[in-house]
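Take a look at the structure below. Find the ligand, and then follow the protein around it.

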Amino acid sequence: MREIIERERRLPVTDSCDVLVAGGGIAGIAAAMAAARGGKKVMLLEREFALGGMATLGLVTIYLPLCDGEGNQVIYGIAEELLKLSIEHGAEANYPAAWLDGGSREERIEKRYMTQFNPHLFAMRVEQILTDLGVKILFGTLVAQTVVEDDRITHVIVENKSGRSAIAVESVIDCTGDADICHQAGAPTELHGNGNALAGWYYYQSNGGVHLKMFGLADVVPDKEEAPKLAETADTGDHYKAIKVESIGNFRFSGVDGAELSKSVVDVHAKMYDDIMSRHKDDESYLPVTMSTIPLVRMSRRIAGAYTLDDSEERVHFEDSIGLTCDWRKRGPVYEMPFRTLYCKEIKNLLAAGRDISTTDRMWDITRVIPPCAVTGEAAGTAAALGSDFTALDVAALQQKLRANGVRLHTDEI
Ligand SMILES: Cc1cc2nc3c(=O)[nH]c(=O)nc-3n(C[C@H](O)[C@H](O)[C@H](O)COP(=O)(O)OP(=O)(O)OC[C@H]3O[C@@H](n4cnc5c(N)ncnc54)[C@H](O)[C@@H]3O)c2cc1C
């Protein structure tokens with residue numbers, strides 16, 4: 001490969017903050033909310049021009065369960081607050097009446113605590129809430145680089161319409177979904193072993209109704225029984241064969257290669273177009289209303305943190321747990337998530353949240369969905385409100401704050 005040397009140049013330091021949240025998906029929203037509520041000056045930088053990431057721009061509008069499938073709520077705090085907010089004006093489908101309006105244990109076992117929401121209203125509402133909390137949102141802003149001195153990020157370098165500039169930071173929470181900041185800062189990272197399969201969701205109108213089309217692979221909770229063979233696989237063909245809605249080809253992509261990502265989107269658009277046209281032939285009213293406008297990436301790159309959680313650690317007690325997650329794919333399993341999965345020893349003022357936390361490939365498939373992303377986002381934001389050397393943070397103080405906000409930390413609390 002031919003190379004050039006980029007010329008050194010002086011950059012203006014255009015802003016500063018206590019907590020810089022990179023990426024405004026579910027994890028970034030939760031992190032920014034928690035850090036701002038903790039009294040910090042927070043900036044939220046988002047490459048696109050709306051909040052919500054995969055959950056809104058990707059049209060992944062199914063808020064997966066907060067419960068273990070056996071009638072017990074496992075996930076609380078901001079994750080539940082966001083679920084309620086997402087259906088503030090009504091659910092698109094699956095309103096969790098048994099959980100929100102009072103239902104029997106049997107009804108809560110029958111219908112897990114999950115819902116389908118409107119992505120546009122949700123994106124607007126979280127924006128209002130963050131703005132009210134004093135969070136400074138910079139849209140259309142890519143975090144392009146970090147400046148690291150003495151194991152700490154001192155500045156992030158951003159690019160937007162104004163050009164390239166630097167922001168001085170006390171701490172950074174990487175919520176980019178692809179651990180971009182961890183990678184840029186030289187923190188250890190890992191790629192997912194099996195890449196991503198094509199998907200591109202869209203809403204369509206037909207006969208006067210508007211519906212969600214989970215085009216490509218979808219994360220669908222099996223209705224009653226757990227899907228077969230889930231335990232043996234993580235994001236493999238087999239796994240999704242058990243629960244797939246529709247497969248649209250064998251191409252797999254890493255999620256961290258620019259050209260490959262574009263190819264995945266072009267391929268999905270072509271297949272989506274064919275899908276729409278084939279349906280439109282039989283039903284003239286079948287037309288797309290909106291489609292995902294960011295690539296649908298499940299697992300790409302993550303931090304290799306101080307601890308890496310595995311799916312075999314079901315109900316294992318961790319002293320430094322910052323919250324719980326269930327397994328959206330099956331009933332029963334509950335996991336404590338250690339604070340150590342959010343940081344590495346190498347960059348002391350950096351946290352990862354959402355899709356970026358430190359898990360094995362098998363566990364990643366559990367922690368990458370909306371509820372656990374909100375749990376780790378809340379924990380990261382709360383931690384950043386308490387200090388900026390996360391390798392030496394007072395974890396008991398963090399846990400006390402999380403508990404005060406309703407988060408359950410250990411499996412014996414459910
Ligand atoms: C096909 C598919 C189906 C799914 N189905 C479901 C489902 O039914 N239910 C469910 O709960 N979950 C589902 N998920 C998973 C879930 O939607 C996401 O994993 C989760 O929402 C991720 O949240 P996040 O905040 O970690 O990351 P993301 O939502 O990916 O947010 C990351 C944000 O960071 C921004 N960003 C990225 N890089 C930069 C940068 N360098 N600078 C600035 N901004 C940046 C992005 O624009 C984005 O807004 C699905 C995922 C896929 C791919």
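The paragraphs below go from the ligand's place in the protein to its contacts.

This is a predicted model. Start with the location. The ligand sits in the largest pocket. Now look at the domains. Domain 1 covers residues 13-192 and 299-413, and domain 2 covers 195-293. Both domains give residues to the shell around the ligand, so the ligand lies between them.

Who makes up that shell? In total, 34 residues surround the ligand. The closest are Glu46, Met54, Ile62, Arg355 and Arg368.

Next, trace the helices and strands. Helix H1 (26-37), strand S6 (142-149) and helix H10 (370-384) each supply at least two residues of the shell. H10 gives the most, with 3 residues.

Now zoom in on the backbone. A backbone N or O atom of Arg368 lies 2.5 Å from an oxygen atom of the ligand. For Ile62, a backbone N or O atom is 2.6 Å from a ligand nitrogen atom. Ala27 also takes part: one of its backbone N or O atoms lies 2.9 Å from an oxygen atom of the ligand.

How much of the ligand does the protein cover? On its own, the ligand has 1,000 Å² of accessible area. The protein covers 99% of that area.

Definitions and conventions. Residues numbered from 1 in each chain as written. Predicted model: local features only at pLDDT ≥ 70, side-chain atom pairs only at ≥ 80, totals over all residues. Heavy atoms only, no water. Near = heavy atom within 4 Å. Polar contact = N/O pair within 3.5 Å; in protein donor to acceptor, adjacent residues only side chain to side chain. Areas by Shrake-Rupley, 256 points an atom, 1.4 Å probe, with all protein chains shown as cover. 1 Å grid on protein atoms, 1.4 Å probe; cavity = no way out; pocket = protein on both sides within 12 Å on 5 of 7 lines; lining within 4 Å. Sits in = over half its atoms within 2 Å of the grid points. Helix = DSSP H or I, 4+ residues; strand = E, 2+ residues; numbered from the N terminus. Domains from an automatic or database assignment.
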